[in-house]
Amino acid sequence: MRVRTWGGLVGAVVVAGVLVAAGVVPWVLVADAAGQAVGDRQGPLSAATVAEVTEQPLPAVTQVLAADGSLITDFYDRDRVPVAADAIAPVMGTALVDVEDSRFYSHGGVDPIGTLRALVADLSSGGAAQGGSTLTQQLVKQVLLQDATTTAGQQAATADTVARKLTEARLALAVDARLSKSEILTRYLNTVYFGHGAYGVQAAARTYFSVDASALTPLQAATLAGLVQNPSADDPIAHPDAAQARRDVVLQRMHDHGDLDDADLAADTAAPVATTPTAAPPQGCAQALGGGFFCSYLRTYLTGTLGLTDAELDGGGLTIRTTLAPGVQQAGDAAVVRTVPRDSSLAAVYDVVQPGTGHVLAMSVNRTYGCTGDGCTSVDLPTAAARGSGSTYKLFTAAYALQHGYTASFTQTTSDPYTSTVYKRDGGTRGVPYTVGNAGHYPATLDLADALVESSNTFFVGLEDHLGSVAGPVHEAQTLGLASLTDDDAQQIVDGEQGSFTLGPQATSPLDLADAYATVFSGGTRCDPTPVTAVLGPGGTQLAGSGGALDTGDHCTPGALPAPVAHTLAQVMRGDVESDIGTASRARVSGHDIAGKTGTTQGNVSVAFVGSTPDYTASVLVFDPDQNVDVGGFGGGKSAQIWHDAMAPVLAQGPTPDFPAADRTVLGVPAGGDCPFREGDLALVC
């Protein structure tokens, strides 16, 4: 009874294939007849399932490119690069059809002859219907198998049952009715697994022969065609003898069908299998060819800020154009390990932002991203707020003061140690006055400009006393772009009147610190940091998001800091690098305008330097990510040295612009005549 029932159902599908192939009646009518025959058992075909096989884009590799177009890495679950029919050597399709489905061009998706032959053997023995699968049926099976997201789904796609084979056959009829033979063959060649991690003919051609699918020779095509049946056992790299035997079967079939003459058959079968393997493309950020930490930041930005899904990134076949500057990245990579070796317990972090755009140009760490063991980490240290950045925060106090009645010439005398008249220790929780000392010997009387350059702690706490509240400097830091200082953090500091704010004890993101400083060095334009300039779909057009085109543009706010204040601060901070009274002389690169500020936290548990030219703003933090320990020295030591070593080769590529002149009013010098403002041996431009 079972044989008669299933035999009748399969027979209906076979008849459908014959009629479609002969063009006797339209597919829709035949499918209706076949569907009626099997409907009681299976029901109608799902339109979504048919579309899954015929229309759904194939999961494909996403390329991540640097600003110069070079490859950073690929995102993918499966190594697949779909190509058009004209990008596949014709002999590849010929070899595949000859060995897998010689009546491909004459049947209607189901081969009646092959199916009947299988039925005679299988149904007579009471087994499940096997064999006789056409390329179209194989395509259906491959798509359903590869799209399955659960073990149950995978088992259903490959179940050795008559029911599954019937569904496969019915879908094959539907596919053949909707797609041309060329479209089916191309889709199959782009879908099928060829072993060694390669999905689709383009990846296979690159993997085994280091050529594109368009350049495959008959011998190579025959080798690949032989793989689809058992890609593991016939792997030409791991099992060349088995691969050759299977390849020769394909060559013989090609000869039998008139696609290979006697001489070529003899010559080709005499040749051994020859491969020129290419390693699989880099997969993900851990295998990035450069900028692994940048890659991690990019991926978080794409899924968080831009709202892309992991599935889109790993299978969308996208092209992601980034802001990474390879030369800047490579120089940074070399610099961090020159000063802090990879096997050190200390982490050296270097971030570069372009003033005026927010483009993140490089992220270097003396670690390898994404591995385990010594010298490895998967923590995105360039963006993590792990330690304070010390006196780099004095910039925020200075920027606020210069906008609220103070000039760079503002002078005060502070004792050392200095006891605040406004702020209390630990935010006033115990009512004990806040007392601070300097980390060296400083003149008691300083003006604001020299105090910023020499980094006087007592002066800046005294300046906070004059301001009367820490709220202004705190909110100024946020206005300039210090995003790691959250609203909750800011409110806690303000409510607690924590006078230590200007000394930078708060955990700070190196990227956000660079971005806030870039606002100053851009002339006052604040830009949100961004690692991406475009996300293109498989067709090369800008990818659309839920609300329209994906927003990959720059997000900048001109005038976040008044230009006169920004230009003046840039000129003043040149003194930290270029004058004899500055703390960051190690960062000096002769012939270039460089401004910056050092920072050291209490106990020297972290040291920092942020330096800039008009084109590049870079922050450096050195700290132990696992515990608070004295890292040795101050911000003008390791951090400034790393900045110099990273930026010197970049600046050597050509002339660089100078910072604009300081504003006389902001400096606090008389209008007209020569600018008398000096910092040590450096005359400021005003």
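**Figure 1. Helix H12 meets helix H13.** On the H12 side, Gln244, Arg247, Asp248, Leu251, Gln252 and His255 touch Asp262, Leu265, Asp268 and Thr269 of H13. Contact means heavy atoms within 4.5 Å. These residues divide into two nonpolar, four polar and four charged. Ala, Val, Leu, Ile, Met, Phe, Trp, Tyr, Cys and Pro count as nonpolar, Asp, Glu, Lys and Arg as charged, and the others, Gly among them, as polar. H12 spans residues 240-256 and H13 spans residues 262-270. The two pack at an angle of about 180 degrees, with axes 10 Å apart. H12 and H13 are therefore roughly antiparallel (angles over 145 degrees). Axes are lines fitted to C-alpha atoms, for helices over the stretch in contact, and angles run from 0 to 180 degrees between N-to-C directions.

This is a predicted model, in which local features need pLDDT of at least 70, side-chain atom pairs count only at pLDDT 80 or more, and totals for chains, interfaces and linings use all residues. Residues are numbered from 1 along each chain as its sequence is written, and side-chain values use heavy atoms, with hydrogens and water left out.

**Figure 2. Helix H20 packs on helix H21.** H20 covers residues 471-480, and H21 covers residues 487-495. Their angle is about 165 degrees, and their axes lie 9 Å apart. That makes H20 roughly antiparallel to H21. H20 contributes Ala471, Val474, His475 and Gln478 to the contact, while H21 contributes Asp487, Ala490, Ile493 and Val494. By class, this contact has five nonpolar, two polar and one charged.

**Figure 3. Helix H10 crosses helix H11.** The axes of H10 (residues 201-209) and H11 (residues 218-227) come within 11 Å and cross at roughly 115 degrees. Val201, Ala204, Ala205, Tyr208 and Phe209 of H10 meet Gln220, Thr223, Leu224 and Leu227 of H11. The contact has seven nonpolar, two polar and no charged residues.

**Figure 4. The protein chain and its confidence.** The chain holds 25 helices and 21 strands. Helices (H or I, at least four residues) and strands (E, at least two) are DSSP runs, numbered from the N terminus. The C-alpha atoms fill a box of roughly 105 × 55 × 45 Å, taken along the principal axes. The chain averages a pLDDT of 91, and 90% of the residues score at least 70. pLDDT is the predictor's confidence in each residue, from 0 to 100. Over residues 1-6, pLDDT stays under 50. Over residues 24-32, the pLDDT is below 50.

Conventions: Parallel < 35°, antiparallel > 145°, perpendicular 65-115°, else oblique.
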